[in-house]
Amino acid sequence: MTRQVPLFLLMLSLRCVVGQVSYSIPEEMSKGSVVGNIAKDLGVDVKRLKTGKARLHVGNSAEYIELDREKGLLLIKEKIDRESLCKQTTPCAVHFQIIMESPIEFYRVTVEIIDINDNAPTFKRNSMFFEISESAVKGAKFALEKASDYDVGVNGLNRYTLNPTDNFILKHSDNLGGEKGIEMVLEKPLDRERQEHLTLTLTAFDGGDPQLSGTTQIHITVLDVNDNAPVFTQAIYKVTLQENTPKTTLLLTVTATDSDHGINALLTYSLSSNTEEILSLFEINATSGQVRLIGELDYESSRHYQLQVKARDQGGLTDTCNIMFDISDVNDNPPVIDLMSTTKSIPEDSVVHTVVSVMNVRDADSNSNGVVQCFLSDSVPLVIENTSNGFYSILTKTELDRELASQYNITVSCSDEGVPSLSSSVTLTLQISDVNDNAPVFERSSYEAYIVENNTPGLSVFTVKARDADWNQNARVSYILEDSSVNGVPVSSYVSVSADSGVIHAVRSFDYEQIKDFQFRVKAQDGGSPPLSSNVTVKILIQDQNDNPPQVLYPVQTGGSVVGEMVPRSADVGYLVSKVSGQNAWVSYKLQKVPDRALFEVGLQNGEIRTIRQVTDKDPVNQKLTVIVEDNGQPSRSATVIVNVAVADSFSEVLSEFTDFKHDKEYNDNLTFYLVLALAVVSFLFITCLVVIISVKIYRWRQSRILYHSGLPVIPYYPPRYSDTMGTGTLPHVFNYEVCRTTDSRRSDFKYGQPGTENVLIMDPSSTATMQRIQHEKNLLDQPDSLLEVRLCL
C-alpha cells in the first residue's frame with residue numbers, strides 16, 4: 001500500500017479550513033485494514049478529532065472508509081471491489097470529506113483503488129460456430145468474439161492463442177476506436193472431403209502475475225463453394241447522439257455487399273460488444289441493418305459507445321464494421337445541494353462573518369450545464385461565499401438583533417447555466433438566541449397617583465409597569481423600592497412595591513393634615529446576567545377627606561366654664577350680641593336651639609349673632625343659644641357651642657344668674673333634697689362622735705386615777721391620732737363643710753372641704769425626737785372619731 005502526503009492545506013480567514021490528502025490502496029483489502037494516519041497526514045492533533053466531532057461525509061456514495069477518532073486512522077469499513085465500483089474507468093478513486101466543528105473545518109480525502117489481478121479473462125459464450133466454405137482462399141479472415149477482463153491496466157486482457165494452428169492463425173486488428181480485435185486467418189485451404197468439422201481452442205491471457213486465462217471452443221463446419229465474403233461499405237460508422245434521444249429512434253443503417261448470387265448472397269447482421277450494457281441500449285435489424293436505440297442514454301455514465309456489426313452470408317463468410325457513438329450532454333441534472341454542517345442557533349451578539357453553514361453543491365452535467373451559481377433569499381443578514389470548487393459557506397454579513405428578528409428561514413437556491421437552466425433549493429432555519437442587551441423601560445417617564453387620607457393599610461395605590469424587549473429570563477422584570485426617606489422616615493414605612501407585579505401598596509394610613517405628598521423612586525431590574533435596570537420617579541398625592549369637625553375658636557369652651565354675653569334692653573334691631581369663630585375649611589353657622597327664634601339670628605358665613613327685633617321687658621333675662629358650626633365636606637361634620645345671653649342693663653343685675661348657668665333645671669330641683677339628706681347624716685355622725693369621745697375620756701380618767709393611787713410613775717399616753725387643735729381641742733381630725741345659702745334655695749351650694757387637721761405626735765420635752773405630720777385625705781364616713789365644723793354662708 002502506498003500513501004501520498006497531503007497536497008495542500010488551505011486555512012481560510014472565515015475559520016473554515018479546506019485541505020486535501022490522497023491515499024492509494026489495493027482493492028479487496030480486508031475489513032479493518034488501515035488506509036492511513038489521517039491525523040498525522042493532515043497535521044491535526046488526535047484530540048482535535050475528538051473535540052471537533054470529526055466525521056466522514058461521503059454524500060450519496062457508499063461508505064467504504066471509516067474514521068477511528070481515537071487513533072486518528074482511516075480504516076476499511078467494507079471490502080472494496082474495484083470492478084464493481086468503477087468498472088473499466090481509470091483511475092478509480094473514492095472521494096469523501098472529513099468535517100470538524102467548533103470551529104468548522106473540512107478536508108477532502110481521495111483514496112485511489114489500485115487494481116489487482118482478481119479476474120480472469122472470460123468469453124461471453126463457451127462456443128463459437130463458423131461455417132466456412134472449402135473454397136475459402138488463403139488469408140480469409142474470420143472475426144472472433146473477444147474475451148473480456150474486468151481488470152484494467154497490466155492486469156487486463158493481454159494476448160490470445162489458438163490451438164491447433166494447422167489451418168488457421170490468429171491476427172490482431174486495430175480499429176479507429178483504439179480497441180484491439182482478433183481475427184482467425186485461413187492459412188491453409190480447407191478440404192471438406194478430408195475434414196468436414198474442425199474444433200479449435202481460443203485462449204485469452206491477461207498480463208497479471210500470476211497470469212490468468214479463459215478459453216472458448218471454435219467449431220468450424222466446412223461448406224462447399226462459396227468463394228465471396230460480405231464486404232461493408234464503411235469500416236467505421238460515427239454517430240453523435242444527445243443523451244435525451246428517445247427510445248426506438250433509428251440511429252443509422254449499416255450496409256454490406258456480397259458478390260455471390262442466390263442463397264450465398266443473403267446476408268444477416270448482428271451486433272457484438274465486450275460490454276453487455278451496450279447491447280441493452282442498441283439493436284440491429286438482422287436483415288435491413290437498421291440500428292435503433294432501445295435504452296436510455298446518460299452522458300454522465302458514459303460519453304462514448306462502440307459497437308461491432310457483423311455481416312454473414314449464407315455460406316458463412318463474414319465481414320465486420322464498427323459504429324462509434326458520441327453522446328452529447330443535455331442539461332438534465334439539477335444541482336445537488338449537500339448540507340455538510342449547519343448551526344441551528346447563534347447568539348445575537350455574534351461577530352460579523354460568523355460561519356453558520358457549510359455545503360457542497362454538485363452538478364453532474366458538463367461544460368456550462370455544470371456551472372452552478374448559488375444565492376440566498378432576500379431580507380436575510382447573511383451572505384454565501386464560494387470557498388473552493390463546489391464548496392460554499394454561509395456567513396453573517398451584519399450584526400444580529402433578536403428583538404428585530406428571532407429567527408430566519410434561509411432559502412439557498414442553486415442554478416446551473418444550462419438552457420433551460422435547472423435549479424434546486426434547500427431551506428434552513430437559523431434561531432437567534434437572546435442576549436441581555438435591553439434594559440427594562442417604564443411605560444411613563446414619571447408617575448403620579450392619588451390616595452384619599454385615612455386609607456386602610458395595605459391598600460393598593462396603583463401599578464408601575466416596565467417592559468423588557470429581551471426574551472425569557474432576560475425579560476423577567478422585578479420591581480424594587482429604592483432606599484430614600486420622607487421627612488426623615490424611610491420611604492419603606494410609607495409604601496411597598498410588589499417585586500413581580502409592580503403594584504404599590506400603602507403601608508400605613510395617611511393623614512392629609514400631616515403630609516400632603518411625597519415621592520420616591522422604583523427600580524425595574526431584569527433577570528439577565530449581568531442584570532440591567534432603569535428607574536422612575538413616583539409621586540403620591542394625599543387627598544383630603546372630611547375627617548375633622550370644625551374647631552370653635554371663640555367663644556372658648558373649657559370644662560366647667562360659663563360663657564355669657566349681655567344684651568341691654570335698649571338694644572336696637574341688628575345689635576351684635578357675639579360672634580362665633582370657627583376654622584377647618586369652609587364653615588357655615590346656624591342656630592339649632594334658641595328660646596325665641598324671633599329675637600336672635602346668626603350669620604351663615606360670618607357667625608355673628610345679632611338681634612332681629614327690639615328687646616322687650618317680657619323677654620327672659622337668661623337666653624341660652626346653641627350654635628352649630630358645620631363644614632362643607634361630604635359627609636358634613638359639625639361642632640356646637642353654647643352662648644349664654646343675659647338681657648339686662650347692668651352686670652350686677654345678672655350676677656346671681658351667671659353663678660350657676662351651667663346647671664340645668666333638673667339638677668337644681670334635686671339639689672335641695674340631697675342637701676337636706678346630707679345635713680341629717682352629718683348631724684347623726686356628730687352626735688355619735690360626741691358620745692364616743694366622752695366615753696373614752698371617762699375611761700382614761702378612771703385609768704389615770706388607778707395609776708395615781710398605785711404610786712407608779714405617770715407616763716402620759718396619747719392616741720396615735722391625737723391632735724391639739726388651736727391648743728384647746730382634743731379631736732384628732734377636723735373636717736370643714738361650707739354651706740352657702742342664697743335667697744333662692746334652689747341655688748344653694750354645698751361643698752365638702754378638705755381635712756383641716758394634721759396628726760401631731762408630741763414626745764416628752766426632754767427627748768430629742770421630731771414631730772411628724774401626716775396628711776390624710778379620707779372620707780368622713782371612714783373617720784368616726786372626727787370633728788365636724790359647719791359653716792353657713794348666707
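**Notebook: side-chain contacts in the predicted model**

I began with charges over rings (NZ of Lys or CZ of Arg within 6 Å of the ring centre and within 35 degrees of the ring normal), and found that Arg-159 lies over the face of Phe-205, at 4.3 Å from the ring centre. I also noted Lys-516, whose charged end sits over the ring of Tyr-512, 4.8 Å from its centre.

For the record, I am working from a predicted model, in which local features need pLDDT of at least 70 and side-chain atom pairs count only at pLDDT 80 or more, while totals for chains, interfaces and linings use all residues. Residues are numbered from 1 along each chain as its sequence is written, and side-chain values use heavy atoms, with hydrogens and water left out.

**Salt bridges**

I then looked up salt bridges (a side-chain nitrogen of Lys or Arg within 4 Å of a carboxyl oxygen of Asp or Glu), and the structure holds 13 of them. One of them joins Lys-138 to Glu-187, with the closest N and O atoms 3.9 Å apart. Lys-138 lies in the loop between strand 10 (127-133) and strand 11 (141-144) and Glu-187 in the loop between strand 14 (180-186) and strand 15 (197-206), so this pair ties together parts that are 49 residues apart in sequence. Strands here are DSSP runs (E, at least two residues), numbered from the N terminus. For accessibility I used relative accessible area with a 1.4 Å probe and protein chains only: buried is under 20%, exposed over 50%, and partly exposed in between. On that scale Lys-138 counts as exposed at 57%, and Glu-187 as partly exposed at 34%.

I next followed Arg-402, which forms a salt bridge with Glu-403 at 3.3 Å between the closest N and O atoms and another with Asp-434 at 3.0 Å. Asp-434 is in the loop between strand 33 (423-433) and strand 34 (441-442) and Arg-402 in the loop between strand 31 (391-396) and strand 32 (407-416), so the pair ties together parts that are 32 residues apart in sequence. Arg-402 counts as buried at 11% relative accessibility, as does Asp-434 at 16%, whereas Glu-403 at 24% counts as partly exposed. I also noted a network of salt bridges that links Arg-82, Glu-83 and Asp-115.

**Aromatic pairs**

A search of the whole structure gave me 14 aromatic pairs; rings of Phe, Tyr and Trp (its six-membered ring) pair if their centres lie within 6.5 Å, and planes under 30 degrees apart count as stacked, over 60 as edge-to-face and the rest as tilted. The rings of Phe-282 and Tyr-305 have centres 5.9 Å apart and planes at 65°, so I recorded this pair as edge-to-face. Phe-282 counts as buried at 2% relative accessibility, and Tyr-305 likewise at 10%. Phe-282 also pairs with Phe-325, and here the rings are stacked, at 4.3 Å centre to centre and 5° between the planes. This second pair links strand 22 with strand 25 (residues 318-328), its members being 43 residues apart. Elsewhere, Phe-442, Tyr-447, Phe-462 and Tyr-479 form one aromatic cluster.

**Nonpolar core**

Last, I looked up nonpolar cores (buried Ala, Val, Leu, Ile, Met, Phe, Trp, Tyr and Cys residues joined through side-chain atoms within 4.5 Å). The largest has 28 residues, and those with the most contacts inside it are Phe-518, Phe-520, Val-522, Val-538 and Ile-540. Among the elements that give two or more residues to this core are strand 43 (517-525) and strand 44 (533-543). Leaving aside residues up to four places away in sequence, Phe-520 touches Leu-481, Ser-484, Val-491, Val-495, Ile-504, Val-536, Thr-537, Val-538 and Ile-540, where contact means heavy atoms within 4.5 Å.

How values were computed:
Helix = DSSP H or I, 4+ residues; strand = E, 2+ residues; numbered from the N terminus.
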